[in-house]
Amino acid sequence: MSRHTASLAELSRQLRAKQVSAVELAQAYLARIEAHRDLNAFLDVRPEVTLAQARTADARIAAGDATPLTGIPIAHKDIFVTKDFTSTASSRMLEGYMSPFDATVVQNLGNAGMVTLGKLNCDEFAMGSSNENSAYGNVLNPWDKGAVPGGSSGGSSAVVAARIAPVATATDTGGSIREPAAFTGVTGTKPTYGRPSRWGMIAFASSLDTAGLMTNSAEDAALVLGPMVGFDPKDSTSVDRPGEDFSRDLGKPVKGLRIGVPKEFFGAGLQPDVEAAVRTALEEYRRLGATLVDISLPSAELGIPVYYVVAPAECSSNLSRFDGVRYGHRAKSYGDLNDMIAKSRAEGLGAEPKRRILIGTYVLSHGYYDAYYIQAQKVRRLIADEFRRAFEQCDLIAGPVTTSVAFGFGEKAADPVAMYMSDLYTIPGSLAGIPSMSIPCGFGAKGRPVGLQLMANYFEEAKMLGAAHQYQLATDWHARIPEGFR
Amino acid sequence: MSTSLARGWETVIGLETHAQLSTRSKIFSGASTAFGAPPNTQASVIDLALPGVLPVLNRGAVERAIRFGLAIGAKINPRSIFARKNYFYPDLPKNYQISQYEIPVVQGGTVHIRVGDAEKVVTLTRAHLEEDAGKSLHEDFHGMSGIDLNRAGTPLLEIVSEPELRSSAEAVAYAKTLHALVRWIGICDGNMQEGSFRCDANVSVRRIGDPKLGTRCEIKNLNSFRFLERAIEYEITRQIDLLEDGGRVVQETRLYDPDRDETRPMRSKEDAQDYRYFPDPDLLPLEIQPAWIEEVKATMPELPEARKRRYETELLFFPEDAEALTSSIEMSEYFEDVLKELKKRTDIKYGVQSPDQANAKSAANLIINDLVQLMNRTETPFAESRVSPVQMAGLLARSFDGTLSSKLTREVLARMWAVAEQPASRSDPNLADLLIEEGGLKQISDAGAIEKIIDEVLAANAKSVEEFRAGKDKAFNALVGQAMKATKGKANPAQVNEILKKKLASG
């Protein structure tokens with residue numbers, strides 16, 4: 001059978017039964033990566049590094065020292081720093097940058113024996129919803145090469161949709177996992193903020209940045225999430241909780257599950273094709289025995305203005321370190337020190353980071369701080385409170401991930417506000433810090449995929465993944481593979 | 001100071017003091033804080049602000065802030081916030097400094113200072129934790145700047161006083177008291193040459209009686225008490241001259257140039273930066289439970305102010321002596337150790353005063369006047385005194401029992417200091433006895449022997465005797481001098497006085 005369509009559990013079984021070696025698996029995926037270079041999904045591929053890791057994995061399997069993930073290939077979003085591959089955050093500023101250490105997420109998965117295929121393209125510093133903001137060019141949507149793959153984790157979503165990596169890491173600040181997952185028909189999982197370590201994630205907005213996964217199923221996500229997350233003393237915002245088996249609820253029927261449907265997620269902006277697919281998916285849940293509960297998240301619509309104060313504020317400060325003094329791009333000619341810093345940043349940073357740095361600098365400025373930043377923090381708490389109250393009425397919340405299916409290249413690039421609206425339904429969950437995910441639930445206009453968003457209360461990833469898996473047992477949207485990649 | 005008052009002006013000074021906390025590692029990274037390593041060898045990935053790094057707060061730095069709060073009787077906030085202070089500077093790797101802004105860890109508190117005979121209580125505004133920046137090195141790089149990030153991330157406690165100081169002398173007294181205090185409670189090594197303790201002074205002047213504060217200037221980075229005093233003095237005169245000539249003071253930051261003994265403008269308020277403070281999302285609020293404060297309290301030493309009062313009330317010391325003995329933790333601990341050693345001895349006889357008081361005063365005098373002098377001459381710190389507290393107690397014992405006069409005591413102390421260059425002597429607890437024996441330095445207190453010597457002196461100095469009898473009191477002193485000289489200074493001076501008086505009266 002084709003290994004690139006197998007589940008991670010199946011790959012794991014084959015590896016341990018020695019039906020396939022980690023080296024063979026890595027070679028097969030490296031060949032697929034090579035064959036589909038036109039997607040522009042990878043920024044750095046180093047077969048010698050990948051194969052060395054695969055040989056180590058094979059040795060572990062031979063020695064009986066394997067975990068269920070040993071030998072399974074994975075690709076990492078370029079937001080995670082890595083010792084063995086460049087780490088650029090898709091920015092000219094960090095072109096060729098080699099980190100002296102691995103991000104904790106990368107290290108955890110490496111310790112489990114996963115084999116790194118390379119680094120994935122994304123929006124520059126994870127800022128964007130279409131992957132058009134990469135300094136290294138667009139990633140194409142495998143379903144339709146004229147459509148964006150979503151962003152910022154566009155490389156991660158594209159490679160998993162195209163089955164050129166069985167799983168990929170991603171990061172989500174305001175929707176950067178869920179939106180591209182929806183646009184490419186894959187399963188995108190964002191755990192609770194603080195669950196995965198942020199050590200080694202190039203920071204965009206520290207209070208929102210959350211590592212997560214792109215997979216072909218909820219079952220795959222549950223398998224990888226456990227080893228990936230966990231308390232990290234190097235991250236002060238990391239949550240100290242005992243390890244969990246995120247697969248524990250996969251077999252649990254959804255009968256009796258109360259699914260909250262927020263009316264604010266079905267407002268004017270929602271495109272009929274997306275609404276139809278989402279409503280059908282909700283109907284499927286009801287058929288499976290779940291109860292749909294009408295709920296309200298009245299402040300959710302304030303999510304975008306709140307997000308575009310908080311995230312740029314943090315980003316304006318986080319990106320200050322890119323000054324050309326110690327590493328990264330330095331302008332070739334300059335006058336004094338200030339000029340060196342100014343020119344290096346002007347040349348090294350792209351338009352979107354610059355726009356957000358300007359917004360962030362403005363909202364933190366003397367005289368504006370109270371009106372913008374403090375006010376935004378208050379509304380952010382309000383949104384979190386509304387989720388908390390909603391979860392008293394329901395076990396999960398479900399709705400659309402995006403207002404529309406993937407748009408075409410250039411369609412929204414000239415209108416930042418229209419682009420920002422792409423994250424209308426994903427931002428509230430980010431602001432609250434709750435776990436949420438996107439699962440494929442059909443196709444809309446031009447045959448482009450539609451995603452269903454599931455959200456759970458803090459630390460209830462297992463419940464969320466269980467409900468997603470039950471849906472995926474009853475449907476086959478997640479198993480659809482775009483033409484040309486089967 | 002007095003000149004400004006004479007000219008009708010009052011000076012208003014507030015100090016911001018940066019004390020480098022004595023943790024082994026940095027405030028947000030595990031890198032060493034040791035001074036003097038080759039450039040950039042003590043900068044971790046966190047200090048270098050590489051992509052993806054995060055800060056983790058060093059509990060030791062917080063513990064030291066708590067110690068300081070307890071020492072000045074301040075409020076220790078149960079919840080304080082780390083904020084980012086954003087500005088671009090090449091030796092500030094993140095281009096923001098993690099500091100505390102709206103809610104500092106320590107709030108309020110007081111420091112008692114003494115200027116001449118006057119005591120004053122200075123109120124503190126706050127003390128907050130923050131990280132230091134690196135250093136820019138502008139020499140040796142031929143038109144370029146070098147950056148050394150060894151100091152980046154070193155923990156600092158910024159201690160802010162209210163503008164309650166009224167002269168450079170008060171400012172220096174405050175800074176010295178604070179300096180002694182942070183060393184006393186073991187939170188800062190106080191090494192000013194290495195920048196472990198440095199002050200910024202906010203200085204303004206106003207007409208005496210004017211309730212409104214004048215426009216202030218901030219003088220940055222004063223790393224010696226002398227520079228602090230000189231800079232403030234210069235600044236006061238500059239501001240008064242300016243105002244009296246009809247000008248006005250511009251709010252600005254100034255730098256003191258010790259070579260020219262003047263302050264120079266660095267940047268004015270107009271180009272003051274907007275630091276865009278906001279809570280650091282990488283760090284949780286700093287929560288300090290009451291139990292932690294209690295834990296720290298249990299390890300606090302007796303504080304200098306309390307010890308000073310105890311010396312005054314229990315040991316009946318003059319305030320200036322009590323002040324001197326508590327001016328540094330090393331001197332004070334040395335003195336306390338000498339007292340303990342004296343208590344252990346069984347070979348001391350006492351006069352009318354209570355043993356403790358008598359011992360303490362003599363010990364204090366010998367330390368403040370004589371030991372300090374020997375130390376200063378050889379630039380030896382107290383912690384490395386060549387004469388140990390045990391040896392000092394041995395010497396004092398011989399003074400108390402009359403074996404040594406005060407003059408001989410000083411003589412033996414000097415000899416102890418000299419021979420203690422050899423490590424063997426340094427550790428001998430009976431060094432004083434040994435040297436007294438060796439040098440034949442025992443006081444002559446045998447009345448018969450002294451009488452014999454005085455007879456000889458009187459016979460040989462008939463002229464002085466005549467002068468004394470003619471009413472010249474000075475001649476008496478000359479005779480005492482002769483007697484002491486004849487005994488090489490060893491005769492008991494009180495006995496010489498007494499016997500000589502008797503002889504002259506009866507003769």
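Where in chain A does A:Leu297 lie?

1. This is a predicted model. A:Leu297 sits in a loop of chain A. Strand 8 (291-295) and helix 9 (303-318) are the elements that this loop joins.

2. A:Leu297 has a relative accessible area of 1%. Buried means under 20%, so A:Leu297 counts as buried.

3. A:Thr86 is 211 residues from A:Leu297 along the chain. The C-alpha atoms of the two are separated by 42 Å.

4. Now the sheet in chain B. It is open and has 3 strands, in the order 5-4-16. The pairing is antiparallel. Strand 5 (96-100) and strand 16 (278-279) are the edge strands, and each pairs on one side only. Strands of a sheet pair through backbone hydrogen bonds.

5. Strand 4 (residues 82-86) and strand 16 of chain B pair over 2 bridges, in the antiparallel sense. B:Ala83 stands opposite B:Pro279, a residue of strand 16.

6. Helix 9 of chain A packs on this chain B sheet. The helix touches strand 4, strand 5 and strand 16 of chain B. Its direction makes about 65° with that of strand 4.

7. Helix 8 of chain B covers residues 329-344, 16 residues in total. From first C-alpha to last, helix 8 reaches 23 Å. That is close to the 22 Å expected at 1.5 Å a residue.

8. Which residues of helix 8 of chain B are buried? They include B:Ile329, B:Met331, B:Tyr334, B:Phe335, B:Val338, B:Leu339 and B:Leu342. B:Ser332, B:Glu336 and B:Glu341 are buried as well.

Note on methods. Residues numbered from 1 in each chain as written. Chains lettered and ligands numbered in written order. Predicted model: local features only at pLDDT ≥ 70, side-chain atom pairs only at ≥ 80, totals over all residues. Heavy atoms only, no water. Helix = DSSP H or I, 4+ residues; strand = E, 2+ residues; numbered from the N terminus. Buried < 20%, exposed > 50% of the residue type's maximum accessible area, 1.4 Å probe, protein only. Expected span 1.5 Å × (residues − 1). Pairing = 2+ DSSP bridges. Contact = heavy atoms within 4.5 Å. Axes fitted to C-alpha atoms, helices over the stretch in contact; angles between N-to-C directions.
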